[in-house]
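Good morning, and thank you for coming. I would ask you to look at the structure on the screen while I go through its ligand site, its pockets and a few points of its backbone.

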Amino acid sequence: MPEATFQFPKGFLWGCATASHQVEGQNTNNNWYAWEQTEGKIRNGDKAGLACDWWGGRWREDFDRAAETGQNAQRISVEWSRVQPAPDRWDEEALERYRAMLRGMLERKMTPLVTLHHFSEPLWLSEMGGWESDKAPALFAAFARKTVEALKEYCTLWITINEPNVFAVSAYLFGEFPPGKKDMGAMIRVMANMLKGHALAYKVIHEIQREARVGVAIHLRSFWPAGPVKFLDSIPANVMNRAFNTSFMDALVDGKLRMVFKTVNVPEAAGTQDFIGVNYYTVEMVRFNLLKPGGLFRDGFYDPQATLSGTGFIANMPQGLGQWLKWAGKFNLPVMVTENGVEDAEDRMRPQYLVEHIHQVWRASNFVAQVKGYFHWSLVDNFEWERGWSQRFGLWGLDPATQMRIRRPSVDLYDAICKQNALTYEMVAKYAPASLAKIFPG
Ligand code: BGC
């Protein structure tokens, strides 16, 4: 079907996603700051430092960039350690800055989507045992109450917790995020406490704001059996899929967190989401390996046919997004792509990745799910956790030393998509000709 235009529904949200510690800079009271000061934890010894200097006020110029290039929404997160610098202290000035940011979005006609927990937590919470502590859920709910009370004038769309699965696995099983543990029991405890924290926060937010729409952004990494013996490979693939991808979201339906060898009952979590937040990046191929019990009997690798990103971190596999949106449709709730993007300093693969993934979003929104928005990760290059500054996910490049922004070609591509609320043949031909045959076959 050459020359087609894939039109999105009226009111579709187009934006970028960000997280406090990755963009604000000068966050010195959270677990990531402490982690960055510990030798060997971050690639090349990088530090978030000033990051994109949003705390210094550069959110204004970046929101201008977003609005001028057609975006009508923006996802940010609130830094818990700023709002509650000590267990018995709230920082009203910090809340006022977030209020200013949200006003800044509304003035630029961008709908805010606010996340309350995106990987970072106050140092005082870490010192109490972080999310392993049974006190964490109630403490998180108190923080949610304070923050939502302060911001409710400007925002009705909330994500309680970003990627509880990545947080629990990276911090408590792989040891890559603070506190660097490798303990399956701790990982399951953290998932369960996050579920409890989410359930409490969900209720708190609705108490404060009846019209609120509250969800979780879940990281969905596809695990596909590699073959040739697909039936064997599908055993570890299914286990990974259930334990990592779907367990948390299923628990939001029936209150049961089913991990591989253990089910934790959290009945209060049942029925606590108003939309499904999908964070999607890539597909991993899985091969059964009897010699790797620690790796859940599997080898993981990228499809040798797929195009790989700059540092080999992501394979361009848009079909995975299509499958997850179909899965999300089964919940019978609105769906939002709350993150999707690729690290690509040279912007060689990003245009192709963008058009092919957005094409999948269009297909899903027409046929299988009520998709309401797409948030690209990310607006400007930002601090990529344990990978430091070695990966560049921004539509805009950043030199963290000078704070100079660099306009990558993908800015203009995304601008065209957002402004026309559509993906067209001309856009693909101009920015990602290699994708023409995939998107417009025949
Ligand atoms: C996280 C982001 C991160 C992105 C790219 C997601 O899992 O939510 O914070 O920057 O992946 O690495």
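Let me begin with the ligand. By class, its shell holds five nonpolar, four polar and four charged residues; here Ala, Val, Leu, Ile, Met, Phe, Trp, Tyr, Cys and Pro count as nonpolar, Asp, Glu, Lys and Arg as charged, and the others, Gly among them, as polar. What you see is a predicted model, in which local features need pLDDT of at least 70 and side-chain atom pairs count only at pLDDT 80 or more, while totals for chains, interfaces and linings use all residues. Residues are numbered from 1 along each chain as its sequence is written, and side-chain values use heavy atoms, with hydrogens and water left out.

Which residues come nearest to the ligand? Of the 13 around it, they are Gln22, His118, Glu163, Glu384 and Trp385; a residue is near if one of its heavy atoms lies within 4 Å.

The protein covers 95% of the 320 Å² of accessible area that the ligand has on its own, by the Shrake-Rupley method with a 1.4 Å probe.

The space taken by the ligand is the largest pocket. A molecule sits in a pocket if more than half of its atoms lie within 2 Å of the grid points. On a 1 Å grid over the protein atoms alone, a pocket is an open set of points with protein on both sides within 12 Å along at least five of seven lines, whereas a cavity is a set where a 1.4 Å probe fits but cannot get out; lining residues have an atom within 4 Å of a point.

The largest pocket has a volume of about 1,100 Å³, volume being the space filled by probe spheres set on the grid points, which are joined across faces, edges and corners. Its lining comprises 45 residues, with Val169, Ser170, Phe174, Arg221 and Phe244 nearest the centre. Among the elements that give two or more residues to this lining are α8 (164-172), β6 (213-225) and α10 (230-254); helices (H or I, at least four residues) and strands (E, at least two) are DSSP runs numbered from the N terminus. By class, the lining has 26 nonpolar, eight polar and eleven charged residues.

The second largest pocket holds about 220 Å³. Of its 15 lining residues, Asn316, Pro318, Gln319, Glu356 and Lys438 are closest to the centre. Helix α12 gives the largest share of that lining, five residues.

How many cavities of 30 Å³ or more does the structure hold? There is one, and the largest cavity contains about 40 Å³ of space. Its lining includes Thr18, Trp54 and Tyr98.

Finally, the backbone. A cis peptide bond, with omega of about 10°, joins glycine 227 and proline 228, and proline 228 is in the loop between β6 and α10. The bond from tryptophan 377 to serine 378 is also cis, with omega near 10°. Lysine 109, in the loop between α5 and β4, has a positive phi near 60°.
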